[in-house]
Amino acid sequence: MDLHEQARQILRQNDRGGYTLPTHGLYPYQWNWDSAFAAWGFATFDLPRAWDEIDTLLASQWDDGMVPHIIFHDPDPGYFPGPDVWSAGGDPATSGISQPPVAATLVRLIYEMNPDASRDRLAAVYPKLVEWHRWWHEVRCVHGPAAIVHPWESGRDNCPDWDIGMANVDGSKVGDYTRRDTGHVDPSMRPKKSEYDRYLAMVQFGKSVGWDQKRIVSEGPFLMADPGITFILLRAHHDLAVLGHALDQDTDEIEGWETTLRAALPMIWNDDLQGYDAKDLRTGKFARFLGSGAFLAYLANAARPELDTQLMRVWNAVPYGIPSADPEAPIFDARRYWRGPTWPVVNSLLAIGFRDMGRADLEVRLRRETAELIMKNGFSEYFDPTDATPCGGANFTWTAAIWLTWAGQDYEQAKGAA
Ligand code: DGY
């Protein structure tokens, strides 16, 4: 079957009516940033369904403005930790943390595909996106850059950026539990038990303070500045302001958030590393790891010549895509989730940045390498960047979505010409 049709079929098969699973089995609920990518994918063939996805995501917004990272629509024992472990409330129940705020950037792309047909749908979601961005500014950006209170909030769960903060989290008292992820996917491609113990300790802390987000930031066991979310949010503030202009709204407040966040970037620049770096906000120490979080600077027009040098070193070290961690670092693990693999979805964000910065050469190369992975080995969650081995979940929604919106572009043209 044609790859475009296969990608559309994956979106339809993972569609649960108004929301889309990232993949069957491993992730049986609605995940925040996955959902925004699903919407982008749907927009290529079913625009109303794309807007429905954004509506469903934002319908679970908390009163404080946070949009949670998981919405537990239909209880599924195949996932751990489920709604009972989180105990964060909501109807449907949700988790108690957020996830990378890519929504405004992708909503802008969806809106621009057909502004006339989208204007009313945009007007309905815009105030909710503003509330969510205000929450990021007021609750998570209190130290300057965007901070995360749990590695899952970064979306890049077990990347080496968090090792320094995780070392200070006590995971020894979480009690017995059974993981479900390793029943769906080869355990060598997933985070380790020592990491899961700590992930749960952080969930238990959030629950102990009734998911009071300000208390979690000030007293929680883990607080790190995340370059990845900082750049995604910076870009999303900009895109949200553009959307506000399209709706004739006053966007001064949003532009103020953007200016303040950009002014905080020197806090996460590590001269020793010659790159942006995660920082433990409890100790002030840098993580000292270069990875895809730092390279998302391209998405926010925040690249620097030193970062160009690092990007090319890291990228040229592997044949397929931009790896999630530095292949020359001892921690590099080519198939273990965010400690080495290349993620088509992150490549698509980097490509938006390259294109907007006029670096067509980089965008074309990244598109070609990402397309090759999918053409060789299907719509996997992530891939080994050294030999293209498909990793994680199969028939993955966001990989299908970025094939339709970006990676499959040349393939479609070549087919048209044939
Ligand atoms: C998981 O369960 O692996 C998710 O990434 C948490 O959000």
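A crossing of two helices is left-handed if the near helix is turned anticlockwise from the far one by less than a right angle, and right-handed if clockwise. The legends below describe a predicted model, in which local features need pLDDT of at least 70, side-chain atom pairs count only at pLDDT 80 or more, and totals for chains, interfaces and linings use all residues. Residues are numbered from 1 along each chain as its sequence is written, and side-chain values use heavy atoms, with hydrogens and water left out.

**View 1. Helix H16 packs against helix H18**. H16 covers residues 344-356 and H18 covers residues 397-407. Helices here are DSSP runs (H or I, at least four residues), numbered from the N terminus, and strands are runs of E (at least two). The axes lie 9 Å apart, at an angle of about 35°. Axes are lines fitted to C-alpha atoms, for helices over the stretch in contact; angles run from 0 to 180 degrees between N-to-C directions. H16 passes H18 in a left-handed crossing. Pro344, Val345, Asn347, Ser348 and Ala351 of H16 touch Trp398, Thr399, Ile402 and Trp406 of H18 (contact means heavy atoms within 4.5 Å). Six of these residues are nonpolar, three are polar and none is charged. Ala, Val, Leu, Ile, Met, Phe, Trp, Tyr, Cys and Pro count as nonpolar, Asp, Glu, Lys and Arg as charged, and the others, Gly among them, as polar.

**View 2. Helix H2 meets helix H3**. The axes of H2 (residues 32-42) and H3 (residues 47-59) come within 7 Å and cross at roughly 165°. The two helices are therefore roughly antiparallel (an angle over 145 degrees). H2 passes H3 in a left-handed crossing. Asn32, Ser35, Ala36, Ala38, Ala39 and Phe42 of H2 meet Leu47, Arg49, Ala50, Glu53, Ile54 and Leu57 of H3. By class, this contact has eight nonpolar, two polar and two charged residues.

**View 3. Helix H5 packs against helix H6**. H5 spans residues 103-113, and H6 spans residues 115-140. Their axes are 9 Å apart, at about 170°. That makes H5 roughly antiparallel to H6. The H5 side of the contact includes Val107, Ile110 and Tyr111; the H6 side includes Leu122, Leu129 and Trp132. The contact divides into ten nonpolar, two polar and two charged residues.

**View 4. Three strands form an open sheet**. The order is S4-S5-S8, with antiparallel pairing. Strands pair if DSSP finds at least two bridges between them. S4 (147-148) and S8 (279-280) are the edge strands, each pairing on one side only. S4 and S5 (residues 224-225) pair over two bridges. Ile148 has Met224 in S5 as its bridge partner.

Notes. Angles under 35 degrees count as roughly parallel, over 145 as roughly antiparallel, 65 to 115 as roughly perpendicular and the rest as oblique.
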